[in-house]
Amino acid sequence: MKILVTGGAGFIGSHVVDAYIAAGHEVAVLDNLSSGREENVNPSARVFRADVRELAQVQSAVASFKPEVVNHHAAQSEVPKSVADPGYDAQVNVVGGLNVLKASVDNAVRKVIFSSTGGALYGEPDVVPADEDHPIRPLSPYGTSKYAFEQYLGTFERTFGLTFTTLRYANIYGARQDFFAEEGRVVAIFASRMIEDKPVTIDGDGNQSRDMLHVGDVATANLVALNRGDGGTYHVSSGVPVTVNDLFRKLALLTEYKREPMLGPPRKGDVYRIALDNTRAAEQLAWQPRILLEEGLRLTVDYFRDQIARLQA
Ligand SMILES: NC(=O)c1ccc[n+]([C@@H]2O[C@H](COP(=O)([O-])OP(=O)(O)OC[C@H]3O[C@@H](n4cnc5c(N)ncnc54)[C@H](O)[C@@H]3O)[C@@H](O)[C@H]2O)c1
């Protein structure tokens, strides 16, 4: 199958590209390399360096590659950036997304798979784990722009017959995550700082919990969504809350880190306790997470050790 992956040079998108190519699909990447990196891209994928905010650039890539499926990962993906500049967030996540949908309809694409968020949609959830029908009340412009695009997918299906599957991700971690990022990427930041024996700061009391999923499990969810889940919205998650203090302890063991964490002020607008129920994905997509937290953290620490050794060489 021919698949165009937007954002395929980024952290998650590049793993999705690898999984598609390993399964024998023909893949192209559309990315402007704003946060993605060329070295992330599988050498078997064709690359269109294009900005989703420019309709002509998206049209030209889609018309030239003629994909059957468009997998849309390109995004402004950081919550704090969306708070600082909500207009830019909407330009990329809403207007850019609409350009991808318009080009898909114009070029007879069968299906769009969309990487949405579970962590930024529900505010402080009423129940943990929350399922996909939980009331939507985003705390950030990022959550709102992702949800707006989910709504557009429904419109494009009803009006133009463009099928979609929406995958609402938990907190994803693993190789190629940007460890220089200041915010939000707790595993990448902790692991890379511990390996270098630098101080690690926990925001708040560390009892806040997240639903952590290894990127390898996200890649398999995108594989099954090629042929299942039409018109559906699914959590891609572990279903289990894990505290930031727990993550600190597990990573400290793996990196033989002996320092105590420093405690900083809690982050404004952060959800305190969340996990996402993945029963619907298990029942309708036959997808389940396979990589246990300890195993995923070990793989991630190994990756960052390697990266840091390379940078220091
Ligand atoms: N990382 C997570 O935990 C998480 C959780 C929920 C949802 N998501 C979603 O998954 C997707 C991938 O996230 P990620 O963590 O890999 O982030 P990322 O920043 O590594 O990937 C985003 C990619 O999109 C590209 N991009 C950004 N703006 C673009 C533009 N205007 N035109 C073309 N390409 C552009 C970037 O260069 C990058 O390669 C995003 O849609 C994000 O919202 C991520």
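## Two helices side by side

Helix α2 (residues 55-65) packs against helix α4 (residues 86-106) at an angle of about 40°, and their axes are 9 Å apart. Axes here are lines fitted to C-alpha atoms (for helices, over the stretch in contact), and angles run from 0 to 180 degrees between N-to-C directions. Helices (H or I, at least four residues) and strands (E, at least two) are DSSP runs, numbered from the N terminus. This is a predicted model: local features need pLDDT of at least 70, side-chain atom pairs count only at pLDDT 80 or more, and totals for chains, interfaces and linings use all residues. Residues are numbered from 1 along each chain as its sequence is written, and side-chain values use heavy atoms, leaving out hydrogens and water.

So who meets whom? Leu55, Val58, Gln59 and Val62 in α2 meet Asn99, Val100, Lys102, Ala103 and Asp106 in α4 (contact means heavy atoms within 4.5 Å).

## The sheet

Seven strands make an open sheet with parallel pairing, in the order β3-β2-β1-β4-β5-β6-β10; two strands pair if DSSP finds at least two bridges between them. At the edges are β3 (46-49) and β10 (233-236), each pairing on one side only. From one strand to the next, the twist averages 20°.

Zoom in on β1 (residues 2-6) and β2 (residues 26-31): they pair in the parallel sense over five bridges. Threonine 6 stands opposite leucine 30 in β2.

## Helices on the sheet

Back to α4, which lies across β1, β4 (69-72) and β5 (111-117) and runs at about 175° to β4. Helix α5 (residues 141-160) packs on the sheet too, touching β4, β5, β6 (163-169) and β10.
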